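Hi,

Here is the structure I promised to pass on.

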Amino acid sequence: MPEKILMMALSPTMDTGTLARWRKKEGDTVAVGDVLCEVETDKATMDYESTSEGTLLKIVVPAGGQAKVGDTIAILGKPGEDFSALLADARPAAAKAPAASATGAARAPTPVPAGASTAPMAHAHVPASGRVRSSPLARRIAAQKGIDLRSLQGSGPEGRIVKRDLDAAPVRAVSGVMAARQAGQAPAVPSYTPGPGDEVVPLSSMRRIIARRLSESMFSAPHYYLTVAVAMDELLATRTRLNAGREKKASINAFLLAIAGRALLRHPKVNSTWNGDSIIRHTTADIGLAVALPDGLITPVVRDCGRKGILAIDGDLAGLVERARAGKLLPAEYEGNTFTISTLGSAGIDEFTAVINPPGSAILAVGAIRKEPVVGDNDTIAIRQRMRVTLSCDHRVIDGAVGAAFLRELADMLENPMLALA
Amino acid sequence: MAGYDYDVVILGGGPGGYVAGIRAGQLGLKAAVIERDKVGGVCVNEGCIPSKALIHQAELFRSIPSLKEIGLSVDTKGFDYKAVFDKSRKASDALMKGVQFLLKKNKAVTIPAEGTLSGRNEITLKDGKKITGKNIVIATGSRPRVIPGFEFDEERVLSSTGAIMLTKLPKKAIILGAGAIGVEFAHIFNAFGVEVHLVEMLDRILPIEDAEAVKVLARAFQKRGVQMYTGTKAVSVQKTAGGVSVVLEDKGGARKAVDADQILVVVGRTPNTDGIGLEKVGITTEKGFIPVGDFNQTKVSGIYAIGDVVNTPLLAHVAFKEAEIAIEHMAGKSPEPRIDPLSIPSATYCEPQVASFGLPEWKAVEQKLSFAKASFPYRGAGKSVALEQTEGFVKVIYEPKTKEILGVHIVGADATEIMHEMLLGRTAELLPEDIALMIHAHPTLSEAVGEAMRAVEGWAIHV
């Protein structure tokens, strides 16, 4: 019997995917685990692996087309089978498919036995760390409206997010504009009429996510900023010594992550997540590093930076950055950061402030390293390699003195990396 | 509490009042419950509880023919309805004493007296004694509604109280009003062999329930010989030598007289808000009900109103919940400010039972809501076949996009018990698939619930 291949939710926030490329063509034989196509989700381009086997009889959504989660994207069966009935009812059947995006997120990955049918398809999703308490209905509405549950405060039992919290969401959050747009209503922000010669650029999935998440962060988390200048001479010398004779040189970023990770473990109040009616303190420092992409950015996360060595972090980072630039990051690789680092030093920026990237409660903006004259202890002037770092903190979680103590210790460790071992 | 006798004085010891007293005690408030009759109120003493005892006996009686099928013969000559009545009283007394015990256990004082409001913190008892409270809860309940021309004499024209207290059954009875109470009495009377004429002004019996569910009940009633007159009103009642003669008029205006031994008038209940001193504190009623805002607060601060005196469904479990909300609020907790109207269960104990919460289909249509429905027949749950109770279904009304559960209607055996799984689903905001994917024990009637939820997703198996 021919069967429908449905679009699945390849990330917890995905409700629509763009068929970036078909890797199989009609008539091709498909085995379980074969990559059928590449799907551009809100964050990355991902391989869609088949959970069934047979012959690809029909591609329903061609490359470049969009499909909602649950929509039929292709039909699989035996060569020559009649699949017209499936094609005819592709739409209603799609509507009946379980919305894996809403509930699948909470389920553990289950291996799919060979030859198993595709429905009901509870595809493996890795939950974001710091899971948000929410009712199944709230999760579904959030997925349908494109609201990030992490931006909401729950009013249900034990701070659980329930339906009414989402009803209020459009008013508070920028996501409401998106919801209104998706519902076909007029957006709640002014719309501009393009002038002659203006180019109207449709939003990519990634652009939408960036717009929503960062607006929600900026408008819900009260930000404040702390800046220090640190002398990097010692760290640079240490790096030179470490890299001597090494074919693959450990990056400064690896040093930053390792040292920030250690500072975070010593300051658990900074390594925390705002959770509506509670604060979650994390036991590992999972640090996201902002990576610029042609259309946006993504923050792959290196896990447990507080305990890993510099070389291990450097190895993780290399793989993550490469996959990030190729648009191949898996949700598990970019979600659940407890802290973020953003560097614009290589872009020639001396210092800047960054928008906090939830679920972390602070982000470190790292400027360029420059030689500067510095007044030393006995009023002598010395030339030092200086770098300015600015910590953005969510005041709901991190008070000024707490943020300052963290940043001071971080700066001391950067100036004297030996302290990270202390 | 400075200057007051109690933290809270509760006027009325029915389901609202006694739960308020218990909950207040639990939360460390000094509470008094003023009750002029018996604690437990109508529910325990002349409503829910004794009627369930009567229905249980009626079901035993109704099972006699099936005993014959397995070769037993039952001699019904000794049948004595007075013994049935006695059992119902025993149940009421046991529970009334239970309520007394619970109040005492939770250190709530019961004051056996009639009281009226005499100030915003004060209730005056009939003997002139004044009781003061920092807060006051009005929980005076309701009484059977009287319609002009059909005043109760409790001999031939009975209220629900009169019917509960019958020690001898009529041969032929007219029941005016086919809401839950009327339908339950129709079931009891019919089971014990009374000729029942059930009259309803609206187009079907149990008019607020889902029409499809009611159809199953109406068919069962018809099979058992209950004569139903829908779209019909009673114009007059005349007492005759042997009983009553009642003139009925259908929608077309055609009249017909029906004679019976007794007529039971169960056309709703009137809140007990007159003569309780509301005017002393400046509370005015709307259609007899006390207007309340969040946490069941009246417009007078410190005075709360709960249960049948408030315009929410006149059900004991609504009063329980409102009591909890009001007391927790005055104790400084933050309960839900009000009850979700779509999450109030209703239960009618006839056979088959009718149980529901949320929107019936007719109301969803009336409100022009976007909705979808799915249902599963009892017959598909193997247990119903074994029990020889295959009539009925589980029906769910849901929002098509999110699949939020908007209403559930069950008609069939034990409907009132198996409904709660779906009610939890609604209140906890579970989705049909959450219940559908849960393993239901086999064989149970609850499987029909699981299957109805599977039907929402197109996954029903046994149909």
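This is a predicted model: local features need pLDDT of at least 70, side-chain atom pairs count only at pLDDT 80 or more; totals for chains, interfaces and linings use all residues.

Residues are numbered from 1 along each chain as its sequence is written, while chains are lettered from A and ligands numbered from 1 in the order in which they are written.

Chain B has 16 helices and 22 strands (DSSP runs numbered from the N terminus: H or I of at least four residues for helices, E of at least two for strands). Out of its 463 residues, 48% are buried, meaning 20 or more other C-beta atoms within 10 Å of the residue's own, with C-beta atoms placed from the backbone. Looking at contacts in chain B (C-beta atoms within 7 Å) with a separation of 6 or more, 64% join residues 24 or more positions apart.

Now for a pair of helices. In chain B, α3 (residues 48-62) packs against α7 (residues 180-191) at about 40°, and their axes, lines fitted to C-alpha atoms over the stretch in contact, are 9 Å apart. Among the residues making this contact are Leu54(B) and Ile55(B) of α3(B) and His187(B) and Ile188(B) of α7(B).

Finally, where the chains meet, 12 residues come from chain A and 11 residues from chain B. On the chain A side, helix α4 (residues 136-145) gives the largest share, 6 residues.

Cheers

Key. A residue is buried if 20 or more other C-beta atoms lie within 10 Å of its own, exposed if 12 or fewer, and partly exposed in between; C-beta atoms are placed from the backbone. Two residues are in contact if their C-beta atoms, placed from the backbone, lie within 7 Å. Axes are lines fitted to C-alpha atoms, for helices over the stretch in contact, and angles run from 0 to 180 degrees between N-to-C directions.
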